[in-house]
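I opened the notebook to log what I looked up, entry by entry.

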Amino acid sequence: MKHQLDFEKPIIELQAKLDELRDHPEKHSLDISFEEEIQLIEKKLDETRRQIFSNLSAWERVQLARHPKRPYTLDYLQTAFRDFQELHGDRLYAEDRAMVGGFAKLGDHRVVVIGTQKGRDTKENILRNFGCAQPEGYRKALRLMRLANKFSLPIISLIDISGAYPGIGSEERHVAEAIAVNLREMTLLEVPIIAAVIGEGGSGGALGIGVADRVLILENAYYSVIPPEGCAAILWKDRAATAKAAEALRITAKDLFEFKLVDEIVPEPLGGAHNDPAAAGENLKTHLLKHLNEVLALPVAERLKKRYEKYRAHGHFLEKVAAPVEKVEPSVNGAATATVSPAA
């Protein structure tokens, strides 16, 4: 099986055995019927699949989030949305095909959708710059969001990016400034904004289209300030510590929900969204509509206030009380005396 992950090997082996038995029924065990043997293998396959995918480590979920067969933004625009009309260009420099966007319908709602898009093969990856947006991509996204604000259309943001493109040209055209402007402007837009992390949510590249009233995350997606490989290289000086870094970063959907950094986890079909893209799209549509209807019910002033409070509440910390300081003072007769003063 192409694109097989290490932890999927028991499933692949059972599936291969099942396929072989169906193709060559004469090879089945003689002590039980053919149908019974098929049922036994199918039951074992189901149990194995559920056991593996209910106990995935953080690193294994990162691998699933990067699976090359996983649905991307344009796939969800076919399954969760309809009548998508793509718009191009930032009207300042160029078209960035790593960032897609345009008008669409979500249920009965007319919306503006923006999202990052990866490629399936080498040719498409070069066209899409491996899904890494450049400054013109973020400026295009901002142009479309301002258009949505002008025509009172909700904004849906689909995030699947390992990080903004760090090349020389991108830096020369001020990618950090483009992301920073998006962060500021998205806090002020009056229309509802719903963001969903559908795969990778990498650093500022994700945040540049991620400021929203509600942030959803797919079950096997992740949202992180740095990829696990980068964290391992910096803290452990060894990329072999990638799995340890993934656990330490607490970047899985479950962790993020516990920290209240996302508002809801969108369940995926068993084995990941790539196993049933149509069902994954339907799940995403259902959750997007639920949150969009809730946010639309709020008055504009209250919506903006709640959006502001949402991000002000992030980043809780505990302050350690300093230990008392012992101060030595000379006495009148020359002997030193020690006094304890409270911490400032």
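**Entry 1. Charges over rings**

Over the ring of which residue does the charged end of K310 sit? I looked it up in this model, which is predicted. The ring belongs to Y311, and the charged end of K310 sits 5.9 Å from its centre. The cut-off for such a contact is 6 Å to the ring centre.

I then checked R120. Its charged end sits over the ring of Y72, 4.0 Å from the centre.

I also searched for rings paired with rings. The count of aromatic pairs is zero.

**Entry 2. K310 again**

I stayed with K310 and asked about its charge partner. K310 makes a salt bridge with D263, with 2.7 Å between the closest N and O atoms. This pair links distant parts of the chain, 47 residues apart. K310 lies in helix α14, residues 300-312. D263 lies in the loop between α12 (253-258) and β8 (264-266).

Next I noted the cover on each side. K310 counts as buried because its relative accessibility is 13%, under the 20% cut-off. D263 has a relative accessible area of 29%, so it is partly exposed.

**Entry 3. Other salt bridges**

How many salt bridges does the structure hold? I found 19. Side chains of opposite charge can pair when their charged atoms come close.

I picked out K118 and D160. Their salt bridge has its closest N and O atoms 3.1 Å apart.

Are K118 and D160 buried or exposed? Both are buried.

R250 counts as partly exposed because its relative accessibility is 35%. D255 has a relative accessible area of 13%, so it is buried.

I turned to strand β5, which spans residues 193-202. How many of its ten residues are buried? Ten of the ten are, and I logged the strand as mostly covered.

I went through its partners one by one.

- Strand β4 (residues 155-161) runs parallel to β5, joined by six bridges. I155 has I193 in β5 as its bridge partner.
- Strand β6 (residues 214-218) pairs with β5 in the parallel sense over four bridges. Here A196 stands opposite L216 of β6.
- Strand β7 (residues 222-224) also pairs with β5 in the parallel sense, over three bridges. G202 has S224 in β7 as its bridge partner.

**Entry 4. Positive phi**

Most residues other than glycine have a negative phi, and most peptide bonds are trans.

S203 has a positive phi, near 55°, and is not glycine. I placed S203 in helix α9, residues 203-207. Its relative accessibility is 31%, so S203 counts as partly exposed.

K237 is also a residue other than glycine with a positive phi, near 55°. I found K237 in the loop between α10 and α11 (242-249). K237 counts as exposed because its relative accessibility is 68%.

**Entry 5. A nonpolar patch**

Which residues form a nonpolar patch on the surface? I noted I234, L235 and W236. Together they have about 310 Å² of accessible area.

I checked L235 on its own. L235 is in helix α10, residues 228-235. It counts as exposed because its relative accessibility is 59%, and the cut-off for exposed is over 50%.

**Entry 6. T286 and L106**

How many residues apart along the chain are T286 and L106? They are 180 residues apart, yet their C-alpha atoms are separated by 9.6 Å. T286 is in helix α13, residues 277-296. T286 has a relative accessible area of 46%, so I logged it as partly exposed.

Key: Residues are numbered from 1 along each chain as its sequence is written. This is a predicted model: local features need pLDDT of at least 70, side-chain atom pairs count only at pLDDT 80 or more; totals for chains, interfaces and linings use all residues. Side-chain values use heavy atoms; hydrogens and water are left out. Rings of Phe, Tyr and Trp (its six-membered ring) pair if their centres lie within 6.5 Å; planes under 30 degrees apart count as stacked, over 60 as edge-to-face and the rest as tilted. A charge sits over a ring if NZ of Lys or CZ of Arg is within 6 Å of the ring centre and within 35 degrees of the ring normal. Patches are made of residues with over 30% relative accessible area and no salt bridge: like charges are joined within 9 Å, nonpolar side chains (Val, Leu, Ile, Met, Phe, Trp, Tyr) within 5 Å. Accessible areas come from the Shrake-Rupley method with a 1.4 Å probe; for residues, only the protein chains shown count as cover. A salt bridge is a side-chain nitrogen of Lys or Arg within 4 Å of a carboxyl oxygen of Asp or Glu. Helices (H or I, at least four residues) and strands (E, at least two) are DSSP runs, numbered from the N terminus. Buried means under 20% relative accessible area, exposed over 50%, partly exposed in between (1.4 Å probe, protein chains only). Two strands pair if DSSP finds at least two bridges between them.
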